[in-house]
Amino acid sequence: MRFFFLLFCFFLPYSYAQTSSVPLEKITLQLQWKHQFEFAGFYAAKEMGFYEEAGLEVEFKEFDTSLDIVDEVVSKRARYGLSYSSLIIDYLHDKPIVLVANFFKQSPLVLVTQKEIRTPKDLKGKKVMGMLDSTHRHSLVLMLEKFGLTQADIYNVPRSFSLEDFIEKRVDAISVFTTNEIYELDRRGVEYNLFDPAAYGIKFYDLNLFTTQEELRNHPQRVADFRNASIRGWQYALEHKEELSELILRKYNPQNKTKEALLFEANQIEYLMLPNVYEIGSVDRMKVEAIRDGFVQSKDILPQPLKSLDDFFYTFGEKSFTPSLEQQGYLEAKKELRMCVDPNWMPLEKIEEGVYTGIGADMIKLVAQKINVPIRLIPTQTWSESLVKARARECDILAFAEKTPQREVYLDFTTPFLKTPIVLATKAGLPFVDNLESIKHKTLAVVKNYSLKELLQKRYKGLQLVEVDSIQEGISYVQQGKVFGFLDNSIVINHELHKNGIDDVAITGQFQDGISLGIASRNDEAILHEILQKALDTIDVKTREEIKNKWSNISYKPVPDYKFMVQMFFFFVVLLGVVLYWNLKLQREIEKKERVKAKLRESETLFRTLFDIAPVLLDSFDAEGRVVLWNKECEKVFGWTLEELQNMRNPLELFYPDISDRQRFLDALEATNDKTFKEWHPATKSGKKIVTMWANIHMPDGSVIHVGYDITKRREDETALRYNTYQLQKAKKELELLTDSLQERVRAEVAKNAKHQALLAQRNRLEQMGEMIENIAHQWRQPLAQINSSVLLVDALLLSRNQRDATIDARLSEIESLTGYMSKTIDDFKNFFHPQKEAKEFFLEESLAQAILIVQGSFEDAFITIERSIPEGMACYGFSREFEQVIVTILNNAKDALLLHRETGREVRISVKEGNDTYAIFIEDNAGGIPQEYMEKIFEPYFTTKHKSQGTGLGLYIAKMLIQEGLGGDLFATNKDDGASFAIYMPKRRING
């Protein structure tokens, strides 16, 4: 029977616990973008039940461009949020927020540019999409500033949330995330350059989990639970990327991403999180301060002076109380605080023989120690009297009070430091009640002037409440049957029943409604409320729970479930048979017991051997910090033997000489829930600090074994790798600059060579034409000489015969003149095409006349007249034949244009004007002018408007080069009046001096 009783006592509380489970707390997480793998860790925490294990029901809220993430959290439309490093700016602008965890150790935000943009400096004057119209732009702005650019140096194009503008080259650059858009650009084969701020030393945090300071103050355990569950979710997500991708495809995919895109994003995110280097969720204070300094450097408008970041960082433990100068002055002037309490409300508070005692007394004692001002008790007989004195300002504070509309008229209230459920005490044996609505028709008692009556009547209309003077009177009313039940908080009723040994009244109901108690203070001295709140904030949750547990002893007496008991009885009968069978079997196993013990001893020996030779660090310390376990790997790495350490009172001082490091180590020993590897920097026997990773293994007996490994060499290799990477990147940049310079020189040499080839071709052509003219001259001179000889012979015969005739004489003279002209023309052409080896002084009027002579025959055939206005005596220095070739080229172009566009009245006008240092030669025609679309191209090589059989397009190009390089002048073309006008500017002095 004793066996049945023990089993029954074990299963009955379990069955009751199953029927009265605590409901999950509902919270909302505001995401910083649309659903995607960026939030996979939070999805995993929800789907794998990590949040539920922590008592949380989490809802995810997608980002919308119309909302502000920080305002969503501060306004409590969401309890928690995810945002960028701009959180720091919000905090410095007095937004009451706390950074709870960080997941991305650097931002995925980068710039992609068109291929021709090689460095961020090339972005000056370029169109950049989406860089300045978002809260996460700061890393990009800082990158530009490193290259001497400001926001004003670029044209910001508002974001269209599409890559098409970049792909179609309507913008020069676009801000994208390496986790998303890069995949799409690569998939579509788009060429681009990528500028990552991290490559220039600008590493911003991203995916920052934050909440409000009020949430951390009022619900520190909930913040810790949500943080830890989220970290577990990310650990799971990184280890199961494919599984999470499938989950997102099923439940979280409004952007219709493919599995390949999600897996690409997953791998990019793992790189951003660096889980093998940093603990997931960890926050580096120095890094955050560096980011803040970057904001200041980039001229972000921040309040001056900058306030401390102390309250920005998440802490889960006791903080120090530091009053402001104003608060310190108030306390010094006040000298003491007067306090009223409820004289009979145990275990919360009581005045017993003039001494204040209970939970409130312990809390007030801590507050008095922190503010360093005595708190004097003002004795009263009832709670109602205490309220009267508080209203009359005879008391500065009420130790335990709940906020109600009536009390807010004359009191301020701190955040509650004790929350306890409302319970119902009735006669023992009644069914358990979990909803006040079901019994609101029954008469219930409450203590007079307690906040409970005001709060319940507001929530439950028609609730029948009777006021009593004390808790004892309320329980007495229940015993006498005057009321159905008595309502108060669970701690008070439980204490009263146990203290007085009352067994005919029991707690038979618990409700979702609770009582939240804090310190109330007079509202005419608001600074007192600030001081009390600050002092309470420094009392950690553990201390509060210890005080509460010291005074509390909750017990419920639910009505037994007899049907369940009958079922359990039959179950135990079956179980008894099974036990008897196993007892018989156990008899047979006893013989094996000694053999098992022997194997156990062997296993223990093996364990000891493995412990000593394991290639990992294994040690353990007792509660006083003394070494109890120390394997050979520890001796090898640290240099101390176990015997040396066991003889030391405080060996931790050897490893952590700094007292703050030593305290952090001791605190880590108490973190029973934390099994992750963390980085520590202990000292060795030689005094060298090494880098190690340690995790705590909590054994069933309460001891802790530390497992670690030395990563000093790995960190040194990582440092060397980062340095070599930096040097490689530096060399790469220098090579790119050298390549750019070389390409520019090649282009210049190619252009120079092209000019040289064109001039060489022109000179070869002229030389060939000169040789041809010389050959023609050689062939013509003999016939011309014979013609002249014949003319002289004819003239002599006529004279000998006295046959002179005026007409014949005139014709003979004309023939002689024409042959002379033809001979001179041959010489002129020969000289024109013959290369001139040396520069010399020449007169413009002579060279112009010579050039006109060359084209005169073709102009007369085309009925083109040439008007001249050329003064004499204008001397230049250079190559006169090259000048004449330029004039002939321009005149021939004018002839072609006149033949094409004008039937009659064809004219060319040549004039020369003298300036201070130059001569200006103008050659104008009346052919209608050069089309405007050709005007900028006519001096380019191989450009011509003629058919390929009529010209090469080199004439004007070579003419301009001859004037600029050979004669030190310049050649221009414009349209004037009714035709084209070419202007040649020639220097008066010599080119070389």
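So, burial to start with: of the 993 residues in the protein chain, 43% are buried, where buried means under 20% relative accessible area, exposed means over 50%, and partly exposed is in between, with a 1.4 Å probe and protein chains only. Keep in mind that this is a predicted model, so local features need pLDDT of at least 70, side-chain atom pairs count only at pLDDT 80 or more, and totals for chains, interfaces and linings use all residues. On bookkeeping, residues are numbered from 1 along each chain as its sequence is written, and side-chain values use heavy atoms, with hydrogens and water left out.

How confident was the predictor? pLDDT is its confidence in each residue, from 0 to 100. The mean for the protein chain is 82, with 81% of residues at 70 or more. Residues 553-564 have pLDDT below 50, and that stretch has 22 contacts in the model beyond near neighbours in sequence; a contact means heavy atoms within 4.5 Å. Over residues 1-21 the pLDDT stays under 50 as well, and the model has 15 contacts there beyond four places in sequence. Where pLDDT is low, the predicted coordinates should not be read in detail.

On the overall make-up, the protein chain has 33 helices and 34 strands. Those are DSSP runs, H or I with at least four residues for helices and E with at least two for strands, numbered from the N terminus. Of the contacts in the protein chain with a separation of 6 or more, 73% are between residues 24 or more positions apart.

Now to helix H13, residues 285-297. Which residues of H13 are buried? They are Val288, Ile291, Arg292, Gly294 and Phe295. They cover an arc of only 155° around the axis, which puts them on the same side of H13; the arc is taken from the directions from the helix axis to the C-beta atoms. On the face turned away from that buried side, H13 carries the exposed residues Met286 and Gln297. The cover over the buried residues of H13 includes helix H5 (87-92), strand E4 (97-104) and helix H6 (138-146).

The length of H13 works out too: at 1.5 Å a residue its 13 residues should span 18 Å, and the end C-alpha atoms are 18 Å apart, which agrees. The expected span here is 1.5 Å times one less than the number of residues.

Eight of the eight residues in E4 are buried. E4 runs antiparallel to strand E10 (residues 206-212), with six bridges joining them; for two strands to pair, DSSP has to find at least two bridges between them. Within that pairing, Phe104 stands opposite Asp206 in E10. In the loop between H5 and E4 sits Asp94, which has a positive phi near 70° without being a glycine. Asp94 is exposed, at 59% relative accessible area.

Asn372 isn't a glycine, yet its phi is positive, about 60°, and at 69% relative accessibility it counts as exposed. For context, most residues other than glycine have a negative phi, and most peptide bonds are trans.

Which brings up a cis one: the peptide bond joining Met346 and Pro347 is cis, with omega about 5°. Pro347 is in the loop between E12 and E13. Those strands belong to an open three-strand sheet, ordered E12-E13-E14 and paired antiparallel. Strands E12 (344-345) and E14 (355-357) stand at the edges with a single partner strand each, so one side of each is left without a neighbour in the sheet. E13 (residues 349-352) and E14 are joined by three bridges, and Lys350 has Thr357 in E14 as its bridge partner.

Last stop, helix H19, residues 490-499: eight of its ten residues are buried, among them Ile491, His495 and Glu496. Asn489 caps the N-terminal end of H19, with a side-chain oxygen 3.1 Å from the backbone nitrogen of Ile491. After H19 comes Gly501, with a positive phi near 60°.

Notes:
pLDDT is the predictor's confidence in each residue, from 0 to 100. A polar contact is a pair of N or O atoms within 3.5 Å; within protein, one must be able to donate a hydrogen and the other to accept it, and residues adjacent in sequence count only if both atoms are side-chain atoms.
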